[in-house]
Protein chains: 2
Amino acid sequence: MTAAARERTVEADGPRVAGGGVDSEVRCARAALLRVAEPPAPAVLRLIDRRGPVDAWQRIRAGAVDDDVLSATAARLAGRSAGELGDLVAADLASAAAVGARLVVPEDPEWPAAAVSALRTRGPRAAGQRADPVALWVRGGSLSALPSDGITVVGSRASTPYGQRLATDLGHRVAAAGLTVVSGAAFGIDAAAHRGALAAAVPGTATVAVLACGIDQAYPVAHRELIEAVAAAGAVVSEYPPGTRPARHRFLVRNRLIAALGAGTVVVEAGRRSGTLSTACEAAELHRLVMALPGPVTSALSVGCHRLIADGAALLVTGADDVLSLLRPDRSAAQDGLWSIDEDRPTDGLDPEALRVYDALDPRRARTVADVAEDSGVPAPAVLSALGLLEVRALAARHGGGTWRRAG
Amino acid sequence: MTAAARERTVEADGPRVAGGGVDSEVRCARAALLRVAEPPAPAVLRLIDRRGPVDAWQRIRAGAVDDDVLSATAARLAGRSAGELGDLVAADLASAAAVGARLVVPEDPEWPAAAVSALRTRGPRAAGQRADPVALWVRGGSLSALPSDGITVVGSRASTPYGQRLATDLGHRVAAAGLTVVSGAAFGIDAAAHRGALAAAVPGTATVAVLACGIDQAYPVAHRELIEAVAAAGAVVSEYPPGTRPARHRFLVRNRLIAALGAGTVVVEAGRRSGTLSTACEAAELHRLVMALPGPVTSALSVGCHRLIADGAALLVTGADDVLSLLRPDRSAAQDGLWSIDEDRPTDGLDPEALRVYDALDPRRARTVADVAEDSGVPAPAVLSALGLLEVRALAARHGGGTWRRAG
């Protein structure tokens, strides 16, 4: 490819080409691979590892590949000529550029390598099958600070006002703490988390939305404005070629990216079969911290959260403080132990005998030491010393004839 | 003591003497020990182990004991003569008999040995200090089936309608399952649990109330009728001599018995500092299963429950089903795994490729196999076999010209 030709192609990438240093042949090859291979495409990824993206794409285009790669790409190659395929890729780059999106590739400095590296070797449920993206279409800021600065917030679309309030507050607090809220732009909890983060109006990447459709699509349509706002204050991400329709399996595939881009995943509300549970499961597979907010046991939208916690698949958190203290111990207030007693009762810190004496005193009627000893079961001498202690703390008052009354 | 004398003393024990086989001298000695030693009284228990209750009481009465026993009993011996002490004990037995209560002693067949044995050697927080009762005043049925058939239900006095509904339902379901609800007769969760159990109207011991005052006292006074009903359908228990006033330290001491009498303890609602947490802590010390019901994170009355769960001190349960499945696996329905999918969606069980093909079909417009292959990324031959499968499950319908539409 001549320098002039490369120049043209780079222009075709649109005004916001990331890492211009990357050979546009590489960028075009990865755009083409995203076009022909439905993610996740482990066979294609292995071929890229062996041959590099440009040679891998040439071999796929020529049909000179093993069956596993062939079956992952044949449907969309569909006997198209090299020219037709080139046009498709140019059209994808143009459609993306038209909405201010760029193709971020692993060769770019802004590639979120740390986030997606976990997707190369997932846990037992994913049978270790790698599922890192071939490239990512991105609108907005860089993802390179993820996952260390990201917190994934997910939940049901059919959320309750309770869940929406918690998600909004959580998104707001997380963004205000300088971290990035990662979610999916869906109705319900996703939208509430994004909106809370946007409301924080902080510099930097407040929130990231990962789509299950093309970067040029708005799904749900009603969230077109929300998605625009997320692109402006953070980033919108998709691994699907422009024009791709959302489909159920794509939401499940997309969820692994949502889980990978956060250091931890918080499930705010989830029904018994919520797709949200798949994100929580992916997060666990990727060794991310999984957290869940409880709710009323009478709420169907809390069943999934309660099961995650009960089964030890998620830690119980009650809000942003818990989440931040788990993921950012330095940024959160120290927590006192479960059985610790805060010093906000007058009798706090009294030894058991003194407490027994205090309990035996009557606020209304002065009692003799003998009566107090009898009632408390504390020997008279010990009662006297306890009364002295209580008097100092203004919890007991002397009366005539060596009698005492409860004070304080 | 002559048989005639013993006969008289047995009569003095009142009409409902338990285990008449037990020498009433033993029963009187233990009644006396309860009268003079505020529980828990480890030193007195050790003396009883060494000398037996009758000799132990005689030595204490004579002041011929070590300092630790002396300081635990001196306050109430208070220079009383043997006759005065004997009158006190006779009065206790008479007061108890007047309310239909009996003194159950370890020598009785009905003594809940299994329940209190855990109190002989408690965990690290209790410094292993033994705290088993010297004897128990009991109204109503036997406690001998506890703790194996008992479930302790506790919670805050200042409970919410949410917590009260859960406690009532839990108490009802536990009693209906033939188990015994153990609680404390307090306002709020305790009362709701007892009432739920009473409403089950089952034979046997529906519910047990452990009091922090004398067996002849009703505390709170407003619960006099509730306590009567518990005595009639179950049992009311106290280790305090008749006439003893409730005192805060006695509630804490009483809580160890509530925890010991159940195989597990369920915390329904608890504020950040609820005394209920001491019962949960005791239950853990006694190696009982500790469970907690979550609630709205916005509710101050759920803070204690959430902390117990978050700190791993309690298992999250969402109701009677969870509690029974944990404590009575045989009596509860099998639970499906967290990620299990119930077969109640037409597409359940479809392999990923078939699901991708199904998603690519349009309910309104018939599509060609080529279009479906392009859209789903599944090769045409695989699309055809998937369509066959979908057709069998009535999820796809053939149309003219080899086109297909989504059905079902």
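Trainee: What volume does the largest cavity have?
Mentor: This is a predicted model, and its values are computed. The count comes to five cavities of 30 Å³ or more. The largest cavity has a volume of about 60 Å³.

Trainee: Which class describes the ring pair of Tyr219(A) and Phe251(A)?
Mentor: There are two aromatic pairs over all chains. In the pair of Tyr219(A) and Phe251(A), the ring centres are 5.8 Å apart and the planes stand at 55°. Planes under 30 degrees apart count as stacked and over 60 as edge-to-face, so the class here is tilted.

Trainee: How many residues apart in sequence are the parts that this pair ties together?
Mentor: Tyr219(A) lies in the loop between strand E5 (207-210) and helix H9 (224-233) of chain A. Phe251(A) belongs to helix H10 (residues 248-260) of chain A. The pair therefore ties together parts that are 32 residues apart.

Trainee: Is Phe251(A) buried, exposed or partly exposed?
Mentor: Buried means under 20% relative accessible area, and exposed means over 50%. Phe251(A) has 25% relative accessibility, so its class is partly exposed.

Trainee: Which residue has its ring under the charged end of Arg406(B)?
Mentor: In chain A, Arg406(A) lies over the face of Tyr358(A), at 4.5 Å from the ring centre. In chain B, the charged end of Arg406(B) sits 4.5 Å from the centre of the ring of Tyr358(B).

How values were computed
Residues are numbered from 1 along each chain as its sequence is written. Chains are lettered from A and ligands numbered from 1 in the order in which they are written. This is a predicted model: local features need pLDDT of at least 70, side-chain atom pairs count only at pLDDT 80 or more; totals for chains, interfaces and linings use all residues. Side-chain values use heavy atoms; hydrogens and water are left out. On a 1 Å grid over the protein atoms alone, a cavity is a set of points where a 1.4 Å probe fits but cannot get out, and a pocket is an open set with protein on both sides within 12 Å along at least five of seven lines; lining residues have an atom within 4 Å of a point. Grid points are joined across faces, edges and corners, and a volume is the space filled by probe spheres set on the points. Rings of Phe, Tyr and Trp (its six-membered ring) pair if their centres lie within 6.5 Å; planes under 30 degrees apart count as stacked, over 60 as edge-to-face and the rest as tilted. Helices (H or I, at least four residues) and strands (E, at least two) are DSSP runs, numbered from the N terminus. Buried means under 20% relative accessible area, exposed over 50%, partly exposed in between (1.4 Å probe, protein chains only). A charge sits over a ring if NZ of Lys or CZ of Arg is within 6 Å of the ring centre and within 35 degrees of the ring normal.
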